[in-house]
Amino acid sequence: MEEKSMLEQRRMAWQEEKRKRDELKRRELEKLSGYEIPSGGEQKRGLRMLPLGAENAEIIKLLIEWTELLAKENYEEALEMFQQYNHELDWTPELLESAVYGYGCPGYTREEAEREFGSSDYKITSLLENPERDEILMHIDIDYETVTEEGARMRCLTGTDYGNIIGYVHYDDVPLNGERSDLTAIFHIKKLDEKNMTLSFYDLHVM
């Protein structure tokens with residue numbers, strides 16, 4: 001009976017924590033109301049930086065911009081937005097494109113993807129214009145944390161830069177062919193200096 005009571009307390013604590021997280025996300029989405037991507041000469045190229053400790057809404061704005069670039073098939077510009085941190089793949093515009101039309105499996109030609117998966121027509125589409133935009137944004141998981149050396153190894157990070165990785169982003173439900181998909185983009189949040197941070201693109205895959 002006591003064990004059942006403890007389990008019930010844990011369940012209630014988990015539900016309360018989830019409620020708080022969801023409420024925080026809803027408040028963040030309110031800050032994105034009416035947000036539009038800069039156009040024309042206002043839209044810059046290159047690495048995007050944010051103030052250290054920036055709100056999640058500011059990170060989400062970068063993810064929206066990244067998605068809209070991919071929707072326009074501007075793979076080079078999308079890669080320029082962030083650093084890269086993946087010891088297994090050296091991301092190029094061509095490799096990123098193949099990860100999109102190969103449904104999260106990079107490295108295939110369109111012909112190979114067609115033979116292997118039955119289709120090579122997958123395309124990332126606009127997040128801003130997606131009817132399930134808010135639901136997709138609600139599922140973006142952003143977590144700041146201090147990553148230890150052991151934690152870095154568990155996340156498949158290598159080298160000596162793990163101390164600058166201060167969090168991660170799981171961008172689930174990346175819109176594909178106009179619909180929510182099970183494609184996920186993973187980013188690490190990287191401290192650049194005492195004032196600035198950026199995102200490091202890790203990979204794009206099917207969960």
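Guide: We will go from the overall fold to the core, the aromatic rings and the pocket. Keep in mind that this is a predicted model.

Visitor: How many helices and strands does the protein chain have?

Guide: The protein chain has 7 helices and 6 strands. Read along the sequence, they follow the pattern α-β-α-α-β-α-α-α-β-α-β-β-β. Now look at contacts in the protein chain between residues at least 6 apart in sequence: 60% of them join residues at least 24 apart.

Visitor: What share of the residues is buried?

Guide: Of the 207 residues in the protein chain, 42% are buried. In soluble globular proteins, nonpolar side chains tend to be buried together. Here, the largest nonpolar core holds 45 residues. Trp66, Val169, Tyr171, Phe187 and Leu204 touch the most other members.

Visitor: Which residues is leucine 204 in contact with, leaving aside its neighbours within four places in sequence?

Guide: Among them are Trp66, Trp91, Leu96, Val100 and Ile124. Leu183, Thr184 and Ala185 are also in contact with leucine 204.

Visitor: Next, the rings. How is a pair of aromatic rings described?

Guide: By the distance of the centres and the angle of the planes. This model has 8 aromatic pairs. Take tryptophan 66 and phenylalanine 201: their centres are 5.8 Å apart, with 45° between the planes, and the pair is tilted. Tryptophan 66 sits in helix 2 and phenylalanine 201 in strand 6 (residues 196-206), so the pair links parts of the chain 135 residues apart. Both tryptophan 66 and phenylalanine 201 are buried.

Visitor: Where is there a pair with another geometry?

Guide: Go to tyrosine 108 and phenylalanine 117. They form an edge-to-face pair, 5.1 Å centre to centre, with 75° between the planes.

Visitor: Why does tyrosine 108 count as partly exposed?

Guide: Its relative accessible area is 29%. Buried means under 20% and exposed means over 50%, so a value in between is partly exposed. Phenylalanine 117 counts as partly exposed too, because its relative accessibility is 33%.

Visitor: Which rings form one aromatic cluster?

Guide: Trp66, Phe82, Trp91, Tyr171, Phe187 and Phe201 do. You have met Trp66, Tyr171 and Phe187 already, among the core residues that touch the most other members.

Visitor: What about empty space?

Guide: Rolling a probe the size of a water molecule over the atoms shows where empty space is left. In this model, the largest pocket has about 300 Å³ of space. It is lined by 17 residues, and the closest to its centre are Arg21, Lys25, Met138, Ile140 and Asp141.

Visitor: Which helix gives the most to the lining of the largest pocket?

Guide: Helix 1 does, with 7 residues. Helix 1 (2-30), helix 2 (56-71), helix 6 (133-138) and strand 3 (141-144) each supply at least two. By type, the lining divides into 8 nonpolar, 2 polar and 7 charged residues.

Visitor: One last residue. Is asparagine 56 buried or exposed?

Guide: Asparagine 56 is buried, because its relative accessible area is 15%. Asparagine 56 lies in helix 2. Leaving aside its neighbours within four places in sequence, asparagine 56 is in contact with Glu28, Ile142 and Tyr144.

How values were computed:
Residues numbered from 1 in each chain as written. Predicted model: local features only at pLDDT ≥ 70, side-chain atom pairs only at ≥ 80, totals over all residues. Heavy atoms only, no water. 1 Å grid on protein atoms, 1.4 Å probe; cavity = no way out; pocket = protein on both sides within 12 Å on 5 of 7 lines; lining within 4 Å. Points joined across faces, edges and corners; volume = space filled by probe spheres on them. Helix = DSSP H or I, 4+ residues; strand = E, 2+ residues; numbered from the N terminus. Nonpolar A, V, L, I, M, F, W, Y, C, P; charged D, E, K, R; others polar. Phe/Tyr/Trp six-rings, centres within 6.5 Å; stacked < 30°, edge-to-face > 60°. Buried < 20%, exposed > 50% of the residue type's maximum accessible area, 1.4 Å probe, protein only. Core = buried A, V, L, I, M, F, W, Y, C linked by side-chain atoms within 4.5 Å. Contact = heavy atoms within 4.5 Å.
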